[in-house]
Amino acid sequence: MMTLIIGGSGSGKSEYAEKYIIELSKNCRKYYIATMQVSDIEAGKKVKRHQNMRKNKGFWTIEQPLSIDEALNQMETSDQKNAALLECISNLTANEMFSGEKIKDGDEVAKKIIQDVKRLSKGLKHLVIVTNNVFEDGMSYDETTMDYIRAMGNINRKLAAIADKVVEVVVGIPVIVKEGK
Amino acid sequence: MKLVIGGYAQGKLEFALQRYKEEKWAVFDGRLPSEKQLQELCKQKKKVIIYHFHNWIRERILQEGNPEEEIIAFLGKNPESMIISDEVGNGIVPIDFFEREYRERTGRILVTLANQADEVVRVICGIGQKIK
């Protein structure tokens, strides 16, 4: 089962996603797939603190900033007993686009990420994906950023289409966008 | 306490005044009323709307205040108030540190208020959806 959770900055989407997956996957081994690349000491401390917080909630953390499907290789068993929380598509997309020597094309990156997520989902009982609403500030950015925003839109649409459930988190409140059968 | 949120120019205030027209409201734009004003409003049996609440948060951060504690204290004394705020988190994360902090803190404050609110309404195209 795949769930897509979308919200803006500070919307409470992460807290909701954690609660949601804990509720959903009581008998599963729970993984947290972290995409943030640790660039400085401050970010490193933040990541460490979050890891500790999640450990108490029974999550195993996998750092996977690129090629998200490879997270499966780091899981104990691959017999559909696993659940994973992937956080988040906006970091993953930025990593895939901007961390190579050359900036990659948004369309290519979107295709790759959708494929990787599908593969990841197949190896899991539950996959919960957190993504970001980066679409409503009415600003025009440079062409690279616009390409990034389009790629994000593209990925969100495709993931929402294959997801069993889509939830928007608004001021911490879940608003159901798509409900599974 | 009631919380009304939504994007820029979605008709939040108009919606709120229409929906809650049985009660008398005094609108404070981007600021909290003073003690004196509150006493006056109490006599007139008017309740407070804090409009453009996000602007108040921004101003308090700029003045190095503590908007998180200040608004909780205000609502503790004035639990019948209504807060109307733009949603500001639905965009590209700004490069500027202050802008980032403003968006993040506004989001967190609204989550806290939504948690405490009796009613949360999200307005889009002038239409309100009760989400709590």
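**Figure 1. Polar contacts across the interface of chain B and chain A.** In this predicted model, nine residue pairs are in polar contact across the interface of chain B and chain A, both partners at pLDDT 80 or more. On the side of chain B that touches chain A, α5 (97-116) and β5 (119-124) of chain B are the elements that give two or more residues. α5(B) gives the most, with seven residues. By class, that side of chain B holds eight nonpolar, four polar and six charged residues.

**Figure 2. Extent of the interface.** Contact involves 18 residues of chain B and 22 residues of chain A. The two chains bury about 1,500 Å² between them. Carbon and sulfur atoms account for 59% of that area. In chain B, the residues that lose the most area to chain A are B:N90, B:I92 and B:I131. Together they make up 42% of what that side buries.

**Figure 3. A salt bridge between the chains.** The rule finds two salt bridges across the interface of chain B and chain A. One of them pairs the side chains of A:E168 and B:R122, at 2.8 Å from N to O. Over all chains, the count comes to 22 salt bridges.

Figure 4. A:R150 meets A:E143 in a salt bridge, at 2.8 Å from N to O. A:R150 also forms a salt bridge with A:D147, with the closest N and O atoms 3.6 Å apart. A:D147 and A:R150 are separated by about one helical turn, because they lie three residues apart in helix α5 (residues 143-162) of chain A. An α-helix has 3.6 residues a turn, so residues three or four places apart point the same way. A:R150, at 47%, counts as partly exposed. A:D147, at 17%, counts as buried.

**Figure 5. Helix α1 of chain A.** This helix covers residues 13-24. Its twelve residues should span 16 Å at 1.5 Å a residue, and the end C-alpha atoms are 16 Å apart, so the two values agree. The buried residues of α1(A) are A:K13, A:Y16, A:A17, A:E18, A:Y20 and A:I21. A:E23 forms a salt bridge with A:K26, the closest N and O atoms lying 3.3 Å apart. Both A:E23 and A:K26 are exposed.

**Figure 6. A salt-bridge network in chain A.** Salt bridges link A:D69, A:E96, A:K112, A:D116 and A:R119 in a network. Side chains of opposite charge can pair when their charged atoms come close.

Note on methods
Residues numbered from 1 in each chain as written. Chains lettered and ligands numbered in written order. Predicted model: local features only at pLDDT ≥ 70, side-chain atom pairs only at ≥ 80, totals over all residues. Heavy atoms only, no water. Contact = heavy atoms within 4.5 Å. Buried area = accessible area lost by both parts, 1.4 Å probe. Salt bridge = Lys/Arg side-chain N within 4 Å of Asp/Glu carboxyl O. Polar contact = N/O pair within 3.5 Å; in protein donor to acceptor, adjacent residues only side chain to side chain. Helix = DSSP H or I, 4+ residues; strand = E, 2+ residues; numbered from the N terminus. Nonpolar A, V, L, I, M, F, W, Y, C, P; charged D, E, K, R; others polar. Expected span 1.5 Å × (residues − 1). Buried < 20%, exposed > 50% of the residue type's maximum accessible area, 1.4 Å probe, protein only.
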